[in-house]
Amino acid sequence: MRLREKTHQKFVKFFENISSIYQGKDFELAYSDIQRETGAASVTLRRAIQALAEVGVIEVHPGRNSRHARFRYLLPVQESEAKSSEVVLNEAQNLEGPSDEEKPQPGGILEAINEDVSELTQLVDHLRRRVRNQEMAIALLQDRLAEIEDKMRKR
């Protein structure tokens with residue numbers, strides 16, 4: 001099953017972002033959420049998920065119902081590689097020899113704070129999307145309820 005390169009990259013980037021939010025652990029998503037975030041049609045969504053699973057980018061398992069699935073992103077996340085190379089570089093510098101004075105590195109502290117802030121920002125954005133989805137579902141249910149009430153009044 002072949003996808004266009006642009007579509008393939010869009011889905012890989014989406015799953016990479018979601019995986020970084022969940023810190024590389026398994027996560028459960030509704031197909032409608034994926035469709036909404038990627039802007040893909042439902043047929044394209046199913047084909048893309050199947051193609052990514054065949055290529056080995058993601059693992060897909062059944063979710064709590066037919067509209068959800070559990071995913072695991074299998075490729076290494078780019079940010080993790082950059083962090084691990086920084087750690088190796090810092091350890092190599094520490095092994096070269098102790099400096100005369102141990103000074104705290106304000107740049108390192110700021111980087112750690114920035115990473116924490118960006119992670120929290122991603123989590124907040126994810127929660128906002130979930131709240132918005134729930135608000136939309138409630139609005140649809142209220143509209144449907146109003147329609148049913150109108151039909152009952154007419155009878």
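**Entry 1: His126**

I began with a term: a residue is called buried when its relative accessible area is under 20%. The model I examined is a predicted one. I looked up His126 and found a relative accessible area of 10%, so His126 is buried. I located His126 in helix H5, which covers residues 106-154. I then listed its contacts, leaving aside neighbours within four places in sequence, and found Ile21 and Tyr22.

**Entry 2: Helices H2 and H3**

For helix H2 (residues 31-38) and helix H3 (residues 42-55), I found an angle of about 105° and axes 10 Å apart. Angles of 65 to 115 degrees count as roughly perpendicular, and H2 is therefore roughly perpendicular to H3. I recorded Tyr31, Ile34 and Gln35 as the residues of H2 that make the contact, with Ser42, Leu45, Arg46 and Ile49 on the side of H3. Sorted by class, this contact has four nonpolar, two polar and one charged residues.

**Entry 3: Gly56**

I found Gly56 in the loop between H3 and strand S2 (58-62). Which residues does Gly56 touch, not counting residues up to four places away in sequence? I found Leu74 and Leu75. Gly56 and Leu74 are 18 residues apart in sequence, and their C-alpha atoms are 6.9 Å apart in space.

**Entry 4: Salt bridges**

I recalled that side chains of opposite charge can pair when their charged atoms come close. My search of the whole structure gave nine salt bridges, and I looked up several.

Asp26 pairs with Arg72, and the closest N and O atoms are 2.7 Å apart. Asp26 lies in the loop between helix H1 (5-21) and strand S1 (27-30), whereas Arg72 lies in strand S3 (residues 68-73), so the pair ties together parts 46 residues apart in sequence. I noted both as partly exposed, Asp26 at 29% relative accessibility and Arg72 at 33%.

Arg72 also meets Glu59 in a salt bridge, at 3.6 Å from N to O. This pair links distant parts of the chain, with Glu59 in strand S2 and Arg72 in strand S3, 13 residues apart. Glu59 is partly exposed at 28% relative accessibility.

Lastly, I looked up Arg36 and Asp33, whose closest N and O atoms are 3.0 Å apart in a salt bridge. Both lie in helix H2, three residues apart, which is about one turn of the helix. Arg36 is partly exposed at 41% relative accessible area, and Asp33 is partly exposed at 22%.

How values were computed: Residues numbered from 1 in each chain as written. Predicted model: local features only at pLDDT ≥ 70, side-chain atom pairs only at ≥ 80, totals over all residues. Heavy atoms only, no water. Axes fitted to C-alpha atoms, helices over the stretch in contact; angles between N-to-C directions. Helix = DSSP H or I, 4+ residues; strand = E, 2+ residues; numbered from the N terminus. Parallel < 35°, antiparallel > 145°, perpendicular 65-115°, else oblique. Contact = heavy atoms within 4.5 Å. Nonpolar A, V, L, I, M, F, W, Y, C, P; charged D, E, K, R; others polar. Buried < 20%, exposed > 50% of the residue type's maximum accessible area, 1.4 Å probe, protein only. Salt bridge = Lys/Arg side-chain N within 4 Å of Asp/Glu carboxyl O.
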